[in-house]
Amino acid sequence: MTKVLSIYGGPVGEHEVNETCVAELEEWLEMAKSGQIVGICLVGLGYDNLAQYTIAGKIGGYGLVGATHMVLQELTYAIMSAE
């Protein structure tokens, strides 16, 4: 069996559960079930390094745009710090 490696040397096509990711999603799901969260913009990174996104629920107002900018800055900083 041949293992395919990504351009950066990591394996591709291997599913691995990330417990931190699961715990955070479960916490947010509970907030949605209780009505505390009524809309989301969700971005995810797949096991194959492909990203995907969705927007769901009530998304009006600029607060969500501001939070999205903040997460973009944090994500950019985290990636740059890791390199």
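Y53 lies in strand 2 (residues 51-57), where strands are DSSP runs of E of at least two residues and helices are runs of H or I of at least four, numbered from the N terminus. Y53 is exposed, at a relative accessible area of 68%; exposed means over 50%, buried under 20%, and partly exposed in between, with a 1.4 Å probe and protein chains only. The model is predicted: local features need pLDDT of at least 70, side-chain atom pairs count only at pLDDT 80 or more, and totals for chains, interfaces and linings use all residues. Residues are numbered from 1 along each chain as its sequence is written, and side-chain values use heavy atoms, leaving out hydrogens and water.

**Overall make-up**
- Two helices and two strands are present in the protein, in the order α-β-β-α along the sequence.
- Of the 83 residues, 5% are buried.
- Contacts (heavy atoms within 4.5 Å) that join residues at least 24 apart make up 9% of those between residues at least 6 apart in sequence.

**Surface**

**Helix 1**
- Helix 1 (residues 19-33) has 15 residues and should span 21 Å at 1.5 Å a residue, which agrees with the 21 Å between its end C-alpha atoms; the expected span is 1.5 Å times one less than the number of residues.
- After helix 1 comes G35, with a positive phi near 90 degrees.
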